[in-house]
Amino acid sequence: MASTGVANVRELEDLIIEAIYAGLLDGKLNQRERVLRVSRCAPRDIRDSDIAAVALKLQRWHRNTQRVLTGLQALQVQLREDAASTRDSARAQNAKQREVRKERRLPMHDHSLRPPNLTLNPASTFSCCRS
């Protein structure tokens, strides 16, 4: 805001609104996101002596936006990798849960799982617990 000569956000908003009413620019001001999306602006005359400075500023702006874009693309790749990893972990966890549920569905009195020579005497079961 220092380059515009305004002291606070409210003054900057007023300046933008005045520019819109004056027809110098068209756009939408989003106060929540603190963003002005410019759809059209009035041309500005530039002295020949200022062209090099404007070109330099535009080159810097281009480099900065390229860095931001590269960073966003790297972040997007990382987020996709993280999402795939999370999805794979969730699938593995779900498979484990299904297996445990399947094991728990086996009846406790399934005689097919007991060795053939073992017989249980119901009267002697838990004899240590009786008084």
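Is Asp50 buried, partly exposed or exposed? Asp50 is partly exposed, at a relative accessible area of 27%; here buried means under 20% relative accessible area, exposed means over 50%, and partly exposed lies in between (1.4 Å probe, protein chains only). The structure is a predicted model, in which local features need pLDDT of at least 70 and side-chain atom pairs count only at pLDDT 80 or more, while totals for chains, interfaces and linings use all residues. Residues are numbered from 1 along each chain as its sequence is written, and side-chain values use heavy atoms, with hydrogens and water left out.

Asp50 forms a salt bridge with Arg47, at 3.1 Å from N to O. A salt bridge is a side-chain nitrogen of Lys or Arg within 4 Å of a carboxyl oxygen of Asp or Glu. Arg47 is exposed, at 58% relative accessibility. A search of the whole structure finds 5 salt bridges.

Another of these joins the side chains of Asp26 and Arg40, at 3.0 Å from N to O. This pair links distant parts of the chain, with Asp26 in strand β1 (residues 25-30) and Arg40 in strand β2 (residues 35-41), 14 residues apart. Helices (H or I, at least four residues) and strands (E, at least two) are DSSP runs, numbered from the N terminus. Asp26 is partly exposed at 33% relative accessibility, and Arg40 is partly exposed at 37%.

Arg10 and Glu13 are separated by about one helical turn because they stand 3 residues apart in α1 (residues 9-21). Arg10 is partly exposed at 48% relative accessibility, whereas Glu13 is buried, with a relative accessible area of 13%.

Next comes the helix as a whole. α1 has 13 residues and reaches 18 Å from its first C-alpha to its last, close to the 18 Å expected at 1.5 Å a residue; the expected span is 1.5 Å times one less than the number of residues. The buried residues of α1 are Glu13, Ile16 and Ala19. They cover an arc of only 120 degrees around the axis, so they lie on the same side of α1; the arc is that of the directions from the helix axis to the C-beta atoms. The face turned away from this buried side carries the exposed residues Glu18 and Tyr21.

Just after α1, Gly23 takes a positive phi of about 80 degrees.
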